[in-house]
Amino acid sequence: MTSTPPFEPDAETAAEWVGRLAVELGVEPLAPRTQAEVLGLAREVAHGTERKAAPLAAFVAGRYVQLAVADGRDVDEALLEVSQAVERLLGPSATP
């Protein structure tokens, strides 16, 4: 598979492991704010739908953000658009 060692909870945080995964894949690691936004999105989807929809929604959100950034938009702006879409689909009580 890859040379990235398995996640060891005592050795590093999930954010650190994901950062190593980004480096392994040759992409920019997520900024702390972006990490928080994506985790919030996954939490809202997991609580508002079947839990297994959360990682799939995060993947779709990532694809959307990638296309938005390629189109010249800001990451934070694209994530806000994703959050708004999730709120429309789940209802206003889904987001804090």
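This is a predicted model: local features need pLDDT of at least 70, side-chain atom pairs count only at pLDDT 80 or more; totals for chains, interfaces and linings use all residues.
Helices here are DSSP runs of at least four residues, numbered from the N terminus.

I begin with confidence. The mean pLDDT of the protein is 88, and 83% of the residues reach at least 70. Helix α1, residues 14-25, has the lowest confidence, with a mean of 93, whereas helix α3, residues 53-70, has the highest, at 96.

Next, the architecture. The protein contains 4 helices and 0 strands, and the order from the N terminus is α-α-α-α. Of its 96 residues, 22% are buried.

Let me take helix α3 in detail. Its 18 residues should span 26 Å at 1.5 Å a residue, and the distance between its end C-alpha atoms, 26 Å, agrees with that. Which residues of α3 are buried? They are Ala54, Ala61, Val65 and Ala68. Viewed down the axis of α3, these buried residues fall within an arc of 60 degrees, and therefore they line one face of the helix. The other side of α3 carries exposed residues, namely Pro55, Leu56, Phe59, Val60, Arg63, Gln66, Leu67 and Ala70.

Ala78, Leu79, Val82 and Val86 are the buried residues listed for α4. Down the axis of α4, the buried residues lie within an arc of 100 degrees, so they line one face of the helix.

One further residue of α4 deserves mention: Leu80. Is Leu80 to be called buried, exposed or partly exposed? Buried means under 20% relative accessible area and exposed means over 50%; Leu80 has 48% relative accessibility, so it counts as partly exposed.

In general, rolling a probe the size of a water molecule over the atoms shows where empty space is left. The largest pocket has a volume of about 1,000 Å³. It is lined by 29 residues, of which Glu28, Leu30, Thr34, Val38 and Gly62 are the closest to its centre. The elements giving two or more residues to this lining are α1, α2 (32-48), α3 and α4 (75-90). Helix α3 supplies the largest share of the lining of the largest pocket, 8 residues. By class, that lining comprises 21 nonpolar, 4 polar and 4 charged residues.

The second largest pocket has a volume of about 230 Å³. Among the 13 residues lining it, the closest to its centre are Ala57, Val82, Ala85, Val86 and Leu89. Which element gives the most to this lining? It is α4, with 6 residues. Helices α2, α3 and α4 each contribute at least two residues to the lining of the second largest pocket. Its lining divides into 11 nonpolar residues, 1 polar and 1 charged.

Conventions: Residues are numbered from 1 along each chain as its sequence is written. Side-chain values use heavy atoms; hydrogens and water are left out. pLDDT is the predictor's confidence in each residue, from 0 to 100. On a 1 Å grid over the protein atoms alone, a cavity is a set of points where a 1.4 Å probe fits but cannot get out, and a pocket is an open set with protein on both sides within 12 Å along at least five of seven lines; lining residues have an atom within 4 Å of a point. Grid points are joined across faces, edges and corners, and a volume is the space filled by probe spheres set on the points. Ala, Val, Leu, Ile, Met, Phe, Trp, Tyr, Cys and Pro count as nonpolar, Asp, Glu, Lys and Arg as charged, and the others, Gly among them, as polar. Buried means under 20% relative accessible area, exposed over 50%, partly exposed in between (1.4 Å probe, protein chains only). The arc is that of the directions from the helix axis to the C-beta atoms. The expected span of a helix is 1.5 Å times one less than its number of residues.
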